[in-house]
Each structure stands twice: as C-alpha cells, then as structure tokens.
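Hi,

Here is the structure I promised to pass on to you. Have a look at it first, and then read my notes below.

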Amino acid sequence: MKEIALIGSPNCGKTTLFNRLTGTRQRTGNWPGVTVERKDGRLPLPSGESVRVVDLPGIYSLHDDIQGVEARVAHTYIQSHNPELVMVVLDATRLSRQLSLLPDIIATGKPVILIVNMLDSAEAEGIQVDLGALRKGTGLPVAGVVSSTGIGVDELKQQIDTLLLSYPAGRVDFDVAELAKKVYRNTGKQSRTEKIDKWLLHPIYALPIFLATMYLLFTISVNLGAVFIDFFDILLGSIFVDGTRWVTATLGAPQWLQAVLADGVGGGVQLVGTFIPVIGCLYLCMSALEDSGYLSRAAFVIDRLMAKIGLPGQAFIPLIIGFGCNVPAVMASRALGQASARLTTIFIAPFMSCGARLSVYVFVGTAFFPSQAQNAIFALYLLGIGVAVISAWLLRRKLFGGVVGANIAEMPAYHRPLLRNVLTQTWHRLYSFIWRAGKRILVVVILLNVFSSWGTDGSWGNQDSENSMLSATGKVLTPMFTPMGVGEDNWPATVGLFTGLFAKEVVVGTLDTLYTPPVVSEEGDAISAPDVVADTLAAFTSVWDNFGGLAGALLDPLGIGSAQDDIAGQAPGSYKAMQSLFPSAWGAFCYLVFILLYAPCVATIGVMQKEAGQVWLGFSVVWSLLLSYWLASNLWHLSLLLVSPIAAGGWIVGSSLVLYLCYRLIMSQMRRGIRDHIPAINV
C-alpha cells in the first residue's frame, strides 16, 4: 500500500484533517524506540485505491533542538522512508509564520502538496489568502480546505489521487518573507481573536480566568464522569465477575480457576471500566478546549510560574487533573511537546492527591481527629504538592539541566469547537487507553486478586480476611512499618497498603472489613446466577441518582462534606479497633502520609508504563517508596524526640543519610537509563 505523510506545525488543524481523511480507519501506537505517539490510517481515494496516511508529530522545524524528539521523529521518517507524497498543512490564520517550515520539507526532495487549512477562520479574522499566488510562488500543488467542516476535502482527495499518478516536475526557489507578502494580507480590522485575547490574556484578568477554567475542567471531568462510574461498576461486575463466577462454578471448575477468571480477569475488566467515564469526560473537555484554541493560551498564562521548577506551562494541566484522578493526569502529559518535560510530569503526577486517596483520608481522619479532619486533609494535599515541586526541581537540575527549557508554542485563532471533531478526538484517545493501558492494568489486577483470594490453607475465596496469603504476608511485613507509627499487631493497616495498589479507595473497604469483628457465615452456600436484568436496571438507576449530586459537587469539588457524611454511617467497631491498634492519632497521620506517596494504583502504573516505559516507571516507583517511607518514619520519630531523643534523633539522621545515598545512586542510574533505554530525551 502506498504511503503518504501528513506534517505541519502544532495547532494547524492537522489532526482534524487526519481524522477527516481516515475516519475510523486508523490505528495508534508509539514510534519505534520512543514514547511519541504514531497514528496512521487508511484513506480511500476516488480511483478506488487506498493509501496509508501517516500523521507525523506537530513541529515548527525539522531541525529544532528545543522540540527534541518530535522534530527528530519527523526528520527521521522523511529521510529514511519514501512516502509517495508529503502533505504540508498550513494554518491560514498564521500563514506568514508557518511558511518557515516549508524550505526544510522541500529540501528533502520529496513530492509535496501544500494544504491551506482553516480558511473560514482566516475570513473571520479579516485575513485574505491568495492560493493562486502561493501556487505560483512555490511551484507546488496547493489545496484550500476547512477540515473542521469538510469543505474542500473531496477536492483534496481527488488532487491526491491525481498527484500519485503523475507528480508535476519543476520547482522554483522563493524567499519566504517575500512570498508571505504576496500570499497573505490582513485587512487591518480588529479580529475576533484579538477581541477575545484582550480579556483572556489581560495582565490582571488572565490568571483568574485561567484558574476558573481549570476549576471547571477539573469539576466537569471528575464529577460528571463520576456520575457514570457506578453504572460501569455494577454492570461489568454483574457480567464479568458474578457471571463468570457462576458459570465456572456451574461447570465444576476448581476454585483457583474461578478466582483467576472471576476475580482476576473479571475484576480487571471491571476496574478498567470504572475509569472509562472519568477519562472520557476529561478527553471530551480537553478536546473542546484544544479545538477552541484556548489550551495554548492557558499554557502561556501559567508558563512563568511553572518555569520556576523547570516545566512548561502546559504541565500545569495534567497536574491539576491529578487531583481528580492520576490516570488521566499521566495521559494528559502526552500533550507536552518536550520529552523531558513530559517524563518529569509523569514522574510527579502520582504525588497529586486523587479523589480515591481522599476517601482514605476521610475514613482514617474522622476516626482519629474528627474535629480537625479537614485541616489534616488540607495538609496532606499541600504535602503532595510540595513533594511534587521538589521532585520536579531535582529531576530538572540533576537530569535535564542541559535541556533547553524554552516553551515555544503558537497561539492559533479561536474557533467554535465542532461536535464532530471533539467526539472523534475523544473516541480515539479513549480507545487508546482501553486497549493499550487496559491490558497492563488487567495483568496486575489478576496477580493481586489471586494473591488476595488464595488462603494459607490452600483454599480460595479469602478476600478481605486474615486467612488470605495477602493478609499473611501483611502480618510478616508489619514490623517493617512500625518505624512510621504502625503498631506491631496492626497488620490490617499493612494489608490495606497492598490492596491500595488495586485502587486507593479499596483501602477503605479493606480497613473497615479487617478492623470489624468477623461475622460467621454458613458454609456450603451455593453460588447463584447474577440477575443481569436487575443489575442493569440498578446501573441505569445509579446514573439518575448520581446526577442529583452534581449540584453539590460544584460547591464541594473535593467531596469532603459528602465523604464525611458517608463515613458517619460506618460501624463504630472498625473505628475502635483501628484506634486501639495505632499508637496515636499522629501515627495514623503518618500512615496517611505513606498512603499519599508510597505508590500509585495499578491503573496509574499501567499508563505510566505505557507513556514513559518500564525503566522510567521503575525509577518513579522506587523513588516514591523511598521518599514515602523516609518522610512518614521521620514525622513519627519527630514525635518521639522528647521521649527518646537519642533513638529518635539517630533514626532521623541515619535515615536521612540513607535516603541521600539512595538518591545519588538513583540519579546515576537514571542518567544511565535515559542514555541506554529512554532515547526520547534530548540531553
């Protein structure tokens, strides 16, 4: 199959055109050896022939060191591959600047067609583009399109068909600046973009507007997505967990196979499904902001503040999303052009306190310091932000100090987001998450569920009980956590750390179950078939019920009030047991500090591995474990200084020295890992 390439500057409408040309006939993956996304799709031509369209990364130049890997990927492809045609997409509203990319493309000697996009926006901005002059001045085929509405796309397909049969010979040399004067003319009237930017980029109002926009992005993505979480949880749980367990039990399958298929595979599908609504809503909002042209301006507004820790302004968006869920936060880092900034953001995103961690904070906090729970929760949020800032500064200083930190981005003209574009972009991104990150999540869930179900006596079905291998392991490992305030007999807290790897909200169920006195149940209960019809009705009912809480979510975006109301209904037995096993309320707070930092959930681990690779994921997890243990244990020993100053002081000094040595070792290994295993970094 013949191959043609699609290349252009960021925000020129290249992705919209790619989606318009290929529709659903496209696939995504990573370029070999790097973490930059590769998209290609099949384009049916009027002649009946189909060609493969390769969507190259958005770049400003083929030799731009600041863009790093994106420019190198595009340059390597153009040089090492032999596309039949290179389609250079130009934004009609920014044509005078985007023509600077053209000489680099022409120098490759490949057949080129110029596609001037967004002609409707140019007209709204008071800009006139002379396509005939562009064709005459370059000696290249030229097409004018409005990819958002499809105007000119059919004519473009016909032109591609003709050029693949016979490309016209002959090129002319031209001066870009002189060419721009002949092709591009501004009528002089104040454009729509200038009128809007007068407020959105105002020295005083820009930052408040940006923060309000991010608040809405966070609120809509998390809270609207949360409306549908129970729907997927109930429906997928009924079909893939309960249904699989009933089928395997009916067929006489051994219990270990039931555990693997029902709790492992079925539970993994259920877990991945619960992330679909939040991630889908996030992509929907991000695509709308991106299509409108505001996203690049948001990065510009916050760029100066983010530059203090060596990150571009675009990195603020994934981090703020992390307060809702770390999974979409990691995936949103893909929008960062510079690979070093992308990896740094992925590294620190799990330190943002997600909504799942909030449920743990409220559960433990209400038990130990009910009148000060909100202050404790706020302190944990600030602590996570502080650790993220320090970690980012260390990475940029020790690993990426030689990387140019400039943030080059062109602000496109404002557009009215088109529903078709937004939905198409959202679907492709969501599809990528389900099929690429989902399989990694599934594997880890299977392993943890089997370990949780498998009993010390060889039996199965021991989830949330002290008879499971997971609980037995927790009892053995509990002494490791006594330096941070976990009592020697407090093995349920250790088990909660393991189950928290599934999802942080699982910690609440684990602690409540293990701290509550067990209820003896009758043996030999038969496994009944799930009532899929009733469960489906309950799933749809949950959507209606959850919609009723949206208004409250807008007033309480962190959900602290509602979470405390839910916890108020917990059985006091679990509170009393937990209070007796933790040495003090401060010990419980140190435990929460460890929960905040120790490791992300399996879903986040899965997308981190997908976006940054296994080597970078390993460094991130090791750093999180070391830092969380050091911080939690030192906070606990600070409370012991008056009682046992020598032992407590010795621990603080000794553990700090060990952390420093580990830090030096990790940084040296990370430099080697970047050089040998992560070629995406331009250092």
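Which residues in helix α9 (residues 192-200) are buried? They are Thr193, Asp197 and Leu200, where buried means under 20% relative accessible area, exposed over 50% and partly exposed in between (1.4 Å probe, protein chains only). Seen down the axis of α9, these buried residues fall within an arc of 65°, so they line one face of the helix; the arc is that of the directions from the helix axis to the C-beta atoms. Helices (H or I, at least four residues) and strands (E, at least two) are DSSP runs, numbered from the N terminus.

A word on the source: this is a predicted model, where local features need pLDDT of at least 70, side-chain atom pairs count only at pLDDT 80 or more, and totals for chains, interfaces and linings use all residues. Residues are numbered from 1 along each chain as its sequence is written, and side-chain values use heavy atoms, with hydrogens and water left out.

Next, the salt bridges (a side-chain nitrogen of Lys or Arg within 4 Å of a carboxyl oxygen of Asp or Glu). The count comes to 8. One of them joins Asp197 and Arg297 at 2.8 Å, N to O. Asp197 lies in helix α9 and Arg297 in helix α13 (residues 294-306), so the pair ties together parts that are 100 residues apart in sequence. Arg297 is buried, with a relative accessible area of 1%, and Asp197 counts as buried at 15%.

Another salt bridge links Glu611 with Lys610 (2.4 Å, N to O), and both of these residues are buried.

Enjoy exploring!
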